Amino acid sequence: MNDITSLTLTQTISALKDKQFSEEELNNAYLEKIDALNPKLNIFLEVKKNTRGIPAAIKDVIITKNIKTTASSKILSNFIPQYNATVIGKLLENGVSVIGKTNHDEFAMGGSGENSAFGVTKNPWDFSKVPGGSSSGSAAAVCADLCTFALGSDTGGSIRQPSSFCGIVGLKPTYGRVSRYGLIAMASSLDQIGPMTKSVEDTALVLDWISGADGYDSNVSSEKFKVQSSKLNEGIKGLKIGVPKEYFGEGLDPKVEKVIKEALKKLEELGGEVAEISLPHSQYALAAYYIIVPSEVSSNMARYDGIRYGKGRENIGAEVKRRIMLGTYSLSSGYWDDYYAKAAKVRTLVKRDFEKAFEKVDVVVGPVSPTTAWNLGEKVNDPLKMYLSDIYTISANLAGIPGLSIPCGFSEGLPVGLQILGKQWDEETILTVGYAFEQATQWHMEKPKL
Amino acid sequence: MKLTKDQVKHVAKLANLPVTEEEEEKYSEQLSKILDYIDQLNQVDTSDVEPTFNVSGQTNVQSEDKLGVCLPQDDALSNAPKKENGFFVTKGVFDNE
């Protein structure tokens with residue numbers, strides 16, 4: 001048998017059922033690997049030596065009862081939550097245990113993992129590259145086989161982009177699919193928790209576990225997500241695939257473009273009907289996003305007063321400060337109409353673009369990111385340049401629709417992710433597309449040599 | 001759009017953020033650059049467009065008015081840097097306290 005840690009979640013569950021190994025052996029295998037690799041990669045901020053349960057890595061912005069949860073910030077460096085986030089409770093009910101809390105950009109603000117107060121996580125494919133962000137540690141943990149699966153959070157691409165950079169599967173569900181109760185809030189009209197896994201099948205299973213209403217997040221749909229495996233197997237013959245021309249313009253690395261074009265050809269071979277579409281307001285999405293996010297951030301971050309928990313506001317890191325400042329400015333007296341209200345109107349237009357597109361096509365497919373993983377330190381002094389790398393992912397958050405990133409090839413030894421966007425509440429179709437692609441290509445089986 | 005150092009200082013005060021002089025300089029430059037980028041929103045005609053603040057489609061979600069389980073007092077206080085007689089200790093609200 002292969003190394004236990006190389007198994008997907010679905011394979012692990014069936015191996016446990018067949019008694020090929022015990023839960024204790026499973027946990028030990030992962031713990032040994034974490035011991036060997038974590039000092040080099042800086043993925044985990046906290047590791048739990050469990051003997052039971054299926055080990056999952058949890059982004060440290062999701063609170064875990066009695067397990068230190070820092071949001072990768074000095075201001076919460078001593079915070080021990082008194083209760084579990086809803087998603088944690090749901091995982092525990094399904095036989096999962098928390099093997100560790102993963103590093104990420106402070107308060108989930110960043111696109112490279114470099115904004116953590118506890119040092120940068122390395123990309124397992126190349127230690128001189130960023131793993132992507134903000135769910136940097138969760139992506140690297142899945143990639144390096146340090147957990148069976150992970151949870152991340154996605155406000156503008158924070159699940160999909162690091163999944164793309166690390167060559168794993170990551171899903172941002174529809175806004176309202178998964179309860180955010182116990183997710184440390186960043187931008188509340190955009191935040192969503194989602195699975196980061198070794199296969200599309202695993203993502204479908206984890207979404208099934210964590211979705212559904214809990215009475216604590218009023219935006220969650222009472223309808224529970226359940227994907228039938230027969231549906232995943234249905235294939236994509238006759239499925240209409242829209243390719244937005246705006247996602248193939250200036251800024252897209254030609255080497256990434258080539259890999260994406262090959263993936264589109266593969267989808268065509270599998271029976272998909274690929275057609276060009278237009279999302280005309282895409283070019284304004286980023287500007288709208290960088291008003292809406294900092295505004296909501298400045299409001300959410302106001303709760304950190306060091307009275308009930310946490311430390312003083314002098315412990316807030318540079319990027320978080322920058323966003324609080326920008327948001328406070330845009331919400332301040334006299335500017336609200338010019339900034340937040342204007343951005344919210346542009347948001348309507350971005351949303352309408354997708355609604356129009358989905359009248360003609362079933363899914364929208366393109367790159368996750370304009371480039372592969374860049375060098376550590378390359379963009380840290382230029383926030384705008386860093387923000388521009390989110391250009392293809394933020395629209396899904398503005399529109400509230402689901403987006404999947406799947407491995408679709410390599411450029412100069414670094415993974416490239418294919419983004420599959422779906423209609424609101426229609427994770428099933430994007431997972432079906434991802435599954436069909438995965439069965440036909442096996443890119444998800446590629447692992448870094450560690 | 002240029003954000004001056006004075007404006008940065010004012011915004012930092014509104015946000016209750018300690019900011020050094022060096023940071024004032026840095027944020028003035030960086031935020032001005034970001035605001036310049038954001039200015040392109042003015043190219044979009046939104047005169048007949050309603051704003052979107054929520055995308056879940058849920059409205060007036062209510063819960064039953066009944067008591068549920070809540071954190072015991074000791075648990076609620078377990079992360080407090082300062083507590084006294086089962087209460088959080090806060091800074092005084094008035095100048096002389």
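Guide: Helices (H or I, at least four residues) and strands (E, at least two) are DSSP runs, numbered from the N terminus. This is a predicted model, in which local features need pLDDT of at least 70 and side-chain atom pairs count only at pLDDT 80 or more, while totals for chains, interfaces and linings use all residues. Residues are numbered from 1 along each chain as its sequence is written, and chains are lettered from A and ligands numbered from 1 in the order in which they are written.

Visitor: Where is A:Asp145 placed?

Guide: Look in the loop between H4 and strand E4 (149–154) of chain A. The phi of A:Asp145 is near 60°, a positive value in a residue other than glycine.

Visitor: Is A:Asp145 buried or exposed?

Guide: A residue is buried if 20 or more other C-beta atoms lie within 10 Å of its own, exposed if 12 or fewer, and partly exposed in between, with C-beta atoms placed from the backbone. A:Asp145 has 22 other C-beta atoms within 10 Å, so it is buried.

Visitor: And what about B:Asn85, buried or exposed?

Guide: B:Asn85 counts as exposed because it has 5 C-beta neighbours inside 10 Å. Its loop runs between strand E1 (83–84) and strand E2 (87–88) of chain B, and its phi is positive too, about 45°, although it is not a glycine.

Visitor: How many helices and strands does chain B have?

Guide: Chain B has three helices and two strands. The radius of gyration (taken over C-alpha atoms) can be set beside the globule rule, 2.2 Å times the number of residues to the power 0.38. For chain B the radius is 23 Å, well over the 13 Å that the rule gives for 97 residues, so chain B is more spread out than a compact globule.
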